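Q: I have a structure open and I'd like to learn how to read it. Can you walk me through it, feature by feature?

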Amino acid sequence: MKKAFLILSTFTVLSVMSQTINIVPQPAEIKMPKIAGTFAITKSTTISLDENGLKSSADFFNAYLKKYYGFTLNISKRGDSNNSITLNQQHADSSVSGAYIMSVNNNGISITGNDEAGTFYGIQTLIQLLPLQKANSLNIPYVSINDYPRFQSRGMHLDLGRNFFPADYIKKYIDYLALHKFNTFHWHLTEDQGWRIEIKKYPKLT
C-alpha cells in the first residue's frame, strides 16, 4: 500500500512539474487546464489575422521561426481552420498599453491584445513557450494567460559614453528588451568623455 502511494505521489509531482510554465516576466494570471495537452505548430499551421494592423506581429513571429527552426507559416485573414494561430485586437479602453489574453488548446492558439502592442507582447510570450530544440513540430502546452504590465513605463539603460558597441549588438539588445516586454530603451550617447551620435551640423563633435 505504501509503495502504491509512493508511486501515485511521484506521478502527481511529475504531472505538476510537466505543466510548469516559465515566462519572464510572470504573467498577471496564468491557468493550466485540468487535462494537460499540447498544440503542435507545424509547417501546415497558419497565422490568421482579424485586424489589418497585426501583420507586423505575424511577420516578426515568422522571422523568428525562420531563424531558429527553419520554416515559416502562411498568413491569411480569419479562417475556419483549427490548425491556426489567431491574432486579434479587442480595442478595449485601458490606461496601460500592452495587455493581452492568450489561449492554447486543441483548436489552436489565440492571442487578443487590447492594442497592437498587446498582441505583440502575446507573440513574445508564445516565443518563450517554444521548445529550445529545433524541430518540425513545435509543441506548445495548453494554457490560458491574462496578462498586462504592472507599470506603464518599463525600460532598460545602455551606456555608450565610455564604451562603443556594434550595431548588431544594439539590435540584439533591443530584441531581448522586447522579448521581456520592456517598452522603453534609454540610450546614453553623449557626455564629456564621448559623443556617440552624428549631427551633420556639428561634424567635430562626432
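**Reading the features one by one**

A: Let's start with a single side chain: D59 is partly exposed, because its relative accessible area is 34%. Keep in mind that this is a predicted model.

Q: Which residue does D59 form a salt bridge with?

A: First the general idea: side chains of opposite charge can pair when their charged atoms come close. Here, D59 pairs with K55, and the closest N and O atoms are 3.0 Å apart. Both D59 and K55 sit in helix α2, four residues apart, which is about one turn of the helix. K55 counts as partly exposed too, because its relative accessibility is 43%.

Q: How many salt bridges are there by this rule?

A: The count comes to three. E29 is partly exposed, since its relative accessible area is 33%. Then there is K200 with E198, at 3.7 Å, N to O. Both K200 and E198 are exposed.

Q: Back to α2. How far does helix α2 reach from its first C-alpha to its last?

A: The idea is to set the span beside the one expected at 1.5 Å a residue. Helix α2 covers residues 55–69, so 15 residues, and its 20 Å reach is close to the 21 Å expected.

Q: Which residues of α2 are buried?

A: For this, look for relative accessible area under 20%. In α2 that picks out S57, A58, F61, N62, L65 and Y69. They cover an arc of only 135 degrees around the axis, which puts them on the same side of α2. Turn to the other side of the helix and you find K66 and K67 exposed.

Q: What do the buried residues of α2 pack against?

A: Quite a list: the strands β2 (38–41), β3 (46–49), β4 (74–77), β5 (84–89) and β8 (138–141), along with helix α3 (116–129). And have a look just after α2, where G70 takes a positive phi of about 85 degrees.

Q: Now zoom out. How many helices and strands are in the chain?

A: There are four helices and 13 strands. Of the 206 residues, 33% count as buried. For the surface as a whole, the chain exposes about 13,300 Å², and carbon and sulfur atoms supply 56% of that.

Q: What share of the contacts between residues at least 6 apart in sequence join residues at least 24 apart?

A: For that one, compare where contacting residues sit along the sequence. In this chain, 71% of those contacts join residues at least 24 apart.

Note on methods: Residues numbered from 1 in each chain as written. Predicted model: local features only at pLDDT ≥ 70, side-chain atom pairs only at ≥ 80, totals over all residues. Heavy atoms only, no water. Helix = DSSP H or I, 4+ residues; strand = E, 2+ residues; numbered from the N terminus. Buried < 20%, exposed > 50% of the residue type's maximum accessible area, 1.4 Å probe, protein only. Arc of directions from axis to C-beta. Contact = heavy atoms within 4.5 Å. Areas by Shrake-Rupley, 256 points an atom, 1.4 Å probe, with all protein chains shown as cover. Salt bridge = Lys/Arg side-chain N within 4 Å of Asp/Glu carboxyl O.
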